[in-house]
Amino acid sequence: MKKFTAISAASLLLVACGESRPTYLLSGTVDTLYNGATVSLLYGEKSDSTVVSQGAFSFEGEIDSPVLARVLISQGDNRTGGMVVLEAGSPVLTLTEEGYRCSGTPLNETFNGYNASSEELYKTYREAYTSLREQGLKDEEFRAALEQAGETFSAGSRKLNEEFFAANKDNVLGSVVITRLADDKSQFDSLYNVAGEAVRNAASVQQEKARYENLEKTSEGKMFTDFTIEKGSAEGTPVSLSDYVGKGKYVLVDFWASWCGPCRGEMPNLAEVYKKYKGDRFEIVGVAVWDERADTEKVLESLPITWPVIFDAGQLPTDLYGINGIPQIILFGPDGTIVARDLRGEAIGEKVGECLAK
């Protein structure tokens with residue numbers, strides 16, 4: 001009984017005093033033109049902010065384990081920032097016109113080495129490009145030589161990322177490259193399965209894991225996933241994907257944004273397909289994602305879009321469909337089944353024509 005009482009008392013004392021958590025003091029320097037600007041520190045679902053004073057800023061806090069964080073600063077049209085590892089100690093972030101560097105703690109020094117190697121690889125590629133331009137090669141010779149230089153750069157980057165992941169798969173830095181190494185769900189899963197908890201729990205890795213899961217749920221042959229945008233119609237009223245899809249027509253859905261050049265490049269192809277096939281069996285719907293409504297409405301004045309558009313969709317549709325790049329053009333069958341994804345160029349009309357000929 002006495003032994004139990006002693007242990008209980010010790011436990012209560014520990015709880016009362018509290019276990020100390022690792023602390024960090026992140027100091028930063030930036031050009032004085034940012035004086036008075038707000039500095040945002042973003043990590044996971046958490047955030048903090050401060051103000052630049054005399055070209056400097058700082059953040060202090062507690063951290064359970066090292067975590068990747070992003071520092072963002074904007075002043076008018078000027079923007080800067082960088083990635084840091086928040087870990088026990090006093091990391092120092094230096095922001096310049098050339099980029100950023102964070103030093104002073106072990107993981108940040110390791111990250112510096114990786115960034116320096118990446119920059120060296122890209123510098124070599126740029127030098128090769130400049131050299132080829134100066135040689136006055138014929139177009140075909142230039143393209144072949146540039147392709148070879150690109151392949152060398154890609155192979156070097158791949159090797160660097162593989163070695164970096166192998167050395168850091170058990171700390172948060174491994175999360176930096178896992179998405180760069182994975183081209184599909186199978187590759188991602190193989191890396192995820194050998195990674196430590198620090199990598200698996202990283203916000204970016206969890207987001208990518210969810211994206212691949214949603215991509216699988218919305219692959220060809222699967223039934224469509226519905227979504228509703230509260231003010232998505234032209235009149236600002238609620239509109240759902242199911243208002244168009246699953247109603248007995250083939251529906252081509254174009255996920256796009258006003259600022260996206262490749263998206264605008266597909267508009268003539270879509271307009272041609274719409275003109276040829278519009279009717280009781282076929283419809284096109286545009287879904288404006290990652291965009292401001294005003295920007296979407298403005299660009300519509302100069303685009304050949306005569307089909308319905310769902311406005312102000314944000315990232316909800318792209319999250320549900322595992323989309324990480326636009327344009328993403330998906331063809332849905334009359335019952336809502338996904339017939340084809342990633343349609344581009346002439347393949348759009350060919351696929352629609354093939355389906356409507358059945």
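This passage looks at one strand and its partners, and then at pairs of aromatic rings. The structure is a predicted model, in which local features need pLDDT of at least 70 and side-chain atom pairs count only at pLDDT 80 or more, while totals for chains, interfaces and linings use all residues. Residues are numbered from 1 along each chain as its sequence is written, and side-chain values use heavy atoms, with hydrogens and water left out.

Strand S2 covers residues 38-43; strands (E, at least two residues) and helices (H or I, at least four) are DSSP runs numbered from the N terminus. Strands pair if DSSP finds at least two bridges between them. S2 runs antiparallel to S3 (residues 46-51), with six bridges, and antiparallel to S5 (residues 67-75), with four bridges. Two residues separate S2 from S3 in a hairpin, where Gly44 in the turn has a positive phi of about 60°.

Turning to the rings, a search of the whole structure finds 13 aromatic pairs, counted when the ring centres of Phe, Tyr or Trp (its six-membered ring) lie within 6.5 Å; planes under 30 degrees apart are stacked, over 60 edge-to-face and the rest tilted. Phe111 and Tyr114 are stacked because their centres are 6.4 Å apart and their planes at 15°. Both residues lie in helix H2 (residues 106-134), three residues apart, about one turn of the helix. Tyr129 and Phe142, with centres 6.1 Å apart and planes at 65°, are therefore edge-to-face. Tyr129 lies in H2 and Phe142 in H3 (residues 139-168), so this pair ties together parts 13 residues apart in sequence.

Conventions. Buried means under 20% relative accessible area, exposed over 50%, partly exposed in between (1.4 Å probe, protein chains only).
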